[in-house]
Amino acid sequence: MERTKWYKDKVFYQIWPRSFKDGDGDGMGDLHGVYEKLDYIQSLGCDGIWFSPLYPSPGADCGYDIADYMDIAPEFGGMEAFKKVLDGAHQRGMKIIMDLVVNHTSDEHEWFQKSRQRIDPYTDYYIWRPAKKNGKLPNNWDSLFEGKAWTYDEVRGEYYMHLFAIKQPDLNMDNPLVREEVKKILKFWLDLGVDGFREDVITFISKTEGLPDDHIMPASKGLNLYNHGPHIHEYLTEFRKDVLDHYDCVTLAEAPMVNPKTALTYIQEGPDQEIDMMIQFQTQCADSFLSDYYPMKFSLKKLKKAFTNWQKKLDGRGWNMLYMENHDHPRIISRYGSEKFWKESGKMLAVSYLFQKGTPFVYQGQEIGMLNWRPESPDMYEDVQTKWEYANHATRKSDKKRLQRLWRCSRDSARTLVQWDDSPNAGFTTSDTPWFYVNQNYKDINVAQQEEDPDSILNFYRKAIALRRKLSCVRDGNYIEHFKGSKKLYCYSRQNGFQRILVVCSFSDKPVRFKEPRDFPVDTARLELCNYENPNPKKLQPYETRVYLWR
């Protein structure tokens, strides 16, 4: 079957199911709630949905610890509810992609339970090692979530590797039987009608042979020995040739610590292409060093450099995945924008990425400007990474300082309940006890209120996405950054043989003088989009954004 490039014309909406909408009143978001909101998602201009994991899971990492890859969890409505959503989406011309999490499983997965008992053929499905002769761990690698990357199993009498939570043992992808299991998973969902996969930390699946100690990395030891490992391209090519090439589907790879040059070894278009798009983290590091838990002052120049680097180096060679928010990072207005200029900066941040070349993704609640959550107690957090960070880092600082760090860094800020209206629990559920908390600002920030306000962030997203779809230069035009040295303005143009646009974004909380770039006289252009009424051609208001069009 020919694999078309339909994903290049889509705008995706990411759903983190637990917190999106509860349709059956039990307090947990589910597929019944998603079905209710398909028309809402479509009204945004989104015609694709990426689901974070829906599979049966003990919930140690909120669904990213999978116990059964070929079913839908009962709390989400089971397989019948999923098929209803899948059919409803397809009837509306929308695509559905699933989360594929095959670097690790849950320790409650049948494979792991049999592996720890050395029951064939599962004995070597995971990465097991005895202790070293001196009684030390098999190597010095760190887990990214909970301490070291090894935990002793009393039943097996050996250590198993887990690059993430203790309850997320890593699969042994060097075992051909494990790769056959992955192919069965892919084929199962594609035969059901799913349109593709977002592949979780897929660049981690091949570890350096011999699992040597890491003497280079000061922290996150081992990362350079399992990220982009020795057989990664071989295994991804195997999955593509044996399964994916037989379906008109899309693959989207999550790849921490990746740059454009490395990304192109996976996504360069041509006969050897392994993946269609890549989720990079560089545009998420404008206010941090490598991880959200190493915060720094926001740097517009750092953000612009990342944006431009990916736009220029992938141009004509690979396709960008564009995003500002997802389930793994705190809310973007609270990071790159301004809660004081909430509406203005929320709209500006939308424009900053929606007119770049690539396929945009909008994360649930982003379209109404949801903000970071600031709970009163660290005990209110659910996320395994957040709990570990609180218990093990900055312990000499005051409780107040430690809690403020979570306010700034925790990914639970992206996982509070979606704010549908100003009724109890923000209209997320009819239950008195939802599974998680709602941000206290839900009476001021919610979908119902913004539906009625023509000037809302929600309606601005609709306008911006609709404009993006109208402009052929956004799909296939070139990209040029202007005012590279500015610490306040992000400005870029897109141009093809038919039209050109100039995108202007102020990242300042004060007015900024503006003079258009040479060859872009704004008095001859049409102002298609702006977040202020009666804009001054010579001056930008705080967090002002504009899109000019020449034909």
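Which helices and strands each supply at least two residues of the lining of the largest pocket? Select β10 (288–289), β11 (291–295), α9 (300–314) and α12 (384–392): each of these gives at least two lining residues. Helices (H or I, at least four residues) and strands (E, at least two) are DSSP runs, numbered from the N terminus.

Before going on, a word on what you're looking at. This is a predicted model, where local features need pLDDT of at least 70, side-chain atom pairs count only at pLDDT 80 or more, and totals for chains, interfaces and linings use all residues. Residues are numbered from 1 along each chain as its sequence is written, and side-chain values use heavy atoms, with hydrogens and water left out.

**Stop 1: the largest pocket**

Now pick Leu144, Ser220, Leu290, Ser291 and Asp292, which lie nearest the centre of the largest pocket among its 48 lining residues. The volume here is about 1300 Å³. (A pocket is an open set of points on a 1 Å grid over the protein atoms alone, where a 1.4 Å probe fits, with protein on both sides within 12 Å along at least five of seven lines; lining residues have an atom within 4 Å of a point. A volume is the space filled by probe spheres set on the points, which are joined across faces, edges and corners.)

**Stop 2: the second largest pocket**

The second largest pocket has a volume of about 320 Å³. Select Phe298, Lys487, Phe507, Ser508 and Tyr543, the closest to its centre of the 14 residues lining this pocket. Helix α9 turns up here too, giving two or more lining residues, as does α10 (332–336).

**Stop 3: Asp99**

Jump to strand β3 (residues 95–100) and click Asp99. Is Asp99 buried or exposed? Asp99 counts as buried because its relative accessibility is 1%; buried means under 20% relative accessible area, exposed over 50%, partly exposed in between (1.4 Å probe, protein chains only). Show the side chains of Trp50 and Tyr64 as well. Asp99 makes side-chain polar contacts with Trp50 at 3.1 Å and with Tyr64 at 2.6 Å. (A polar contact is a pair of N or O atoms within 3.5 Å; within protein, one must be able to donate a hydrogen and the other to accept it, and residues adjacent in sequence count only if both atoms are side-chain atoms.)

**Stop 4: Trp189**

Finish at Trp189. Leaving aside neighbours within four places in sequence, Trp189 is in contact (heavy atoms within 4.5 Å) with residues including Tyr55, Met70 and Phe82.
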